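Here are my notes from a pass through the model, point by point. Have it open while you read.

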Amino acid sequence: MQSALHADADGTAVPASSPFLTVDDPAAYTAAVEQFLTDPSPATVPVWTGGRPDLVASVGRAATVYAGVRRPAPHARGILLSPGTLPAGLAALIAPLAEEWLDEKELTAALFDELGTRRRAPEGPGDGTPTGGPGTTGAAESRPDDGPADGPVVGGTAKEGDTLEGSRDGGTSGASGPAPARSLVIAGLYEHFTLDPLWAALLAAAHRADVSLTFLTGRDAASLAWFTAKQYARIAVDVQRLGLYTSTDRPLAPAGIHLRDERDVGSEDIKTEILGARWRRIFFQGHGKDDSLNLADFTVCGLNETAPRAPGLLGPACAYGPTCYKPMDKLIQLREVRAAEIVLSSCNNAPFADAAMYDPKYQLMLNAIDGTAKDVVAAVTIHDSDRVENRVWMDAALSGAPSAPSLNAGISTAQPFPAYLHFGMAADDASPIPEPPSVDPEPLLLTTSARLTAYLAGGLLPPNNPLRPRLGKLAAKVEGLVTRRSLAVRDQTGTMRSLLDDLQSLDQAIAARIAEDPENELSDYPAHFGDRSRLDTSSATQVKCHCGRPAERYTRRALVPTALDTECVICPRCGDVSLRLPGAPTVLIHADDEVPQGGTLRVRLVVRGARTGPLRLGVYVPRYLRADCAVEPALHRIRVAPDEDREAEFVLSLSADTSPQAYYLTAYAVQDLAVTMARRHFGVVPS
């Protein structure tokens, strides 16, 4: 069949010579397949349409997407589900798509451990007779729309040099190269695409990075014949457009990706845009079910109006009434989208036949297979894909990597099972899978979040504490920063810079608050958290106090999420000489033991930070000494590191009227919202 002129995206008429030959008669189809497989330079691949006008129309549209034929690189293994249900010509066309064909009883999880270790030659000894090719058995009932159910087993692979050769890139002809060591294609009618045995196989393959698994299917034998024929088609070199349409996200699109996000799909005529272009790959993301995918008021529709209704199976609203639940003028018939690859990123758009909600007549994945796409990536179950998957798909599309494993690599951090399946041979995109963006938050984000939760959600800071508004604002910000959507941005430099700016500003506010009012509620955190904690006896260890005597260090573990662990150092002479949160700065105090009335006491603080960066330091004395003691400066800001001591000096100036007796001073360090407190005793003696 030769196509008529087609209109390109800009409306320009482009002549297209179809690489497909449509055949209605089953016997003629079998003969055409035999000729195709033995012809060294075939111009067309036969398509058995089974009398279906929708497939004939799709063949015509496909002539605008493909140019020429080639044999795709075969998978190492193949399994044909219920081979007796297929016409002989179709089984023959499927045969070259795997180097070895296994019985469907071998489809178990253990198979993926064996792939690549058993490799039979695809041809018989010396005579070019293929072995292991899929065939028909005669077990199926002969049906007019399926062609003969019984027939000869036709070539699995032909001898080198006497058939067309293929390539992986879909752009040039040439040798297709060896199959991946662990690759499997499973082919069969959709009615045999069932939970048992496929789900166990999917789970086994999902945990093997070296396993490639794809599927060939169709709503009936004619659909499967059309889908198989497309695997032999070469994508036209001028079909390059990559598109992503989403109603749930606002990702940043790199150059080369045509993006319509949740704002655009509500304001642009995306139906005309989608149907008016030719797509190398197109990605649809939105909420939906088996039958539809929502893009604001637009709906990607799975209905194939020419398919028969299956008695007894549930259908969507349009199965029972005259119209759709969405605007009819905004329905996007998926079968009419001219694309080499269609990705459906909604839930359950490729359900197992025995786990589907709706009649196959309305299935999105089956409607895509009936259209122009040779590769359809669809979701077998529910999933929570979002910006991470959108990001990794765009990277895969731009680099020529396969969509399904790229998407599954991204979503593997959110669920333990694969969401996306690849229908088709996946022969045109063999670049390495891009590394998904890390969704592990920076430790500082989690530390900040834990501290904010404890400060705000418990009873430490009362409602009128002046720090609460600013702490609450940062808490809301941090909560958003740890989401998968936020972390999908590969470069977190800007995020962390903004967090550090917020922390420095709040550290200054906390330090200033303590300097102004040392007895404020935040200063009481050791007692507040300690009362909601219990001793971790395994943490107890002996250290040296800054007075030179032995001291005991231990940790109290918080019992509730609104408290934090606290680390304490207790000296038999000095008392509680250090109180801090794990991961907070450490502070040692050096000062003389005595100072005369009217004299000055120089206090040297030796500090290590939890991380490299700025830290605020201050010193205060008890309330009963403050009228007779001036502390200078009020605060220090120094840069610290976790593996290097840094120092700062304060001066305590005592009045001549200071009562001679024992006193203590408290040094505090603030970094990343954590407050460390250290105490040292000193005495004032008569002048």
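Which way does helix 9 pass helix 10: in a left-handed or a right-handed crossing? The answer is in point 2.

1. Ground rules. This is a predicted model, so to speak: local features need pLDDT of at least 70, side-chain atom pairs count only at pLDDT 80 or more, and totals for chains, interfaces and linings use all residues. Residues are numbered from 1 along each chain as its sequence is written, and side-chain values use heavy atoms, with hydrogens and water left out.2. Helices 9 and 10. Helix 9 passes helix 10 in a right-handed crossing (a crossing is right-handed if the near helix is turned clockwise from the far one by less than a right angle, and left-handed if anticlockwise). Helices (H or I, at least four residues) and strands (E, at least two) are DSSP runs, numbered from the N terminus.

2. What touches what there. On the helix 9 side you'll find Val388, Glu389, Val392, Trp393 and Ala396, and on the helix 10 side Ser403, Ser406, Leu407, Gly410 and Ile411 (contact means heavy atoms within 4.5 Å). By class, the helix 9 and helix 10 contact has 6 nonpolar, 3 polar and 1 charged residues. For these classes, Ala, Val, Leu, Ile, Met, Phe, Trp, Tyr, Cys and Pro count as nonpolar, Asp, Glu, Lys and Arg as charged, and the others, Gly among them, as polar.

3. Helices 11 and 12. The axes of helix 11 (residues 443-457) and helix 12 (residues 468-481) come within 9 Å and cross at roughly 140°. That makes helix 11 oblique to helix 12 (under 35 degrees is roughly parallel, over 145 roughly antiparallel, 65 to 115 roughly perpendicular, and the rest oblique). The crossing of helix 11 with helix 12 is left-handed. From helix 11, Leu445, Thr448, Ser449, Leu452, Tyr455 and Leu456 meet Arg468, Leu471, Gly472, Leu474, Ala475, Val478 and Leu481 of helix 12. This contact of helix 11 with helix 12 has 9 nonpolar, 3 polar and 1 charged residues.

4. Helices 12 and 14. Helix 12 also meets helix 14 (residues 493-516): the axes come within 11 Å and cross at roughly 160°. The two are therefore roughly antiparallel to each other, and helix 12 passes helix 14 in a left-handed crossing. Arg470, Leu471, Leu474, Lys477, Val478 and Leu481 in helix 12 touch Thr495, Ser498, Leu499, Asp502, Leu503, Ser505, Leu506 and Ala509 in helix 14. Sorted by class, the contact of helix 12 with helix 14 has 8 nonpolar, 3 polar and 3 charged residues.

5. Strand 28 pairs with strand 30 (residues 646-654) in the antiparallel sense over 4 bridges, and Val631 stands opposite Leu652 in strand 30.

6. Strand 15 (residues 298-301) and strand 16 pair in the parallel sense over 3 bridges; Val300 has Ile332 in strand 16 as its bridge partner.

7. Aromatics. The count comes to 19 aromatic pairs, where rings of Phe, Tyr and Trp (its six-membered ring) pair if their centres lie within 6.5 Å; planes under 30 degrees apart count as stacked, over 60 as edge-to-face and the rest as tilted. Phe193 and Phe352 have ring centres 5.2 Å apart and planes at 25°, so the pair is stacked. Phe193 lies in the loop between strand 8 (183-187) and helix 5 (195-206) and Phe352 in the loop between strand 17 (338-345) and helix 8 (364-370), so the pair ties together parts that are 159 residues apart in sequence.

8. Backbone spots to look at. The peptide bond from Asp196 to Pro197 is cis, with omega near 20°, and Pro197 lies in helix 5. Another cis peptide bond joins Glu632 and Pro633, with omega about -10°; Pro633 is in the loop between strand 28 and strand 29 (636-640). Asn348 is not a glycine, yet has a positive phi of about 55°; Asn348 lies in the loop between strand 17 and helix 8.

Note on methods:
Axes are lines fitted to C-alpha atoms, for helices over the stretch in contact, and angles run from 0 to 180 degrees between N-to-C directions. Two strands pair if DSSP finds at least two bridges between them.
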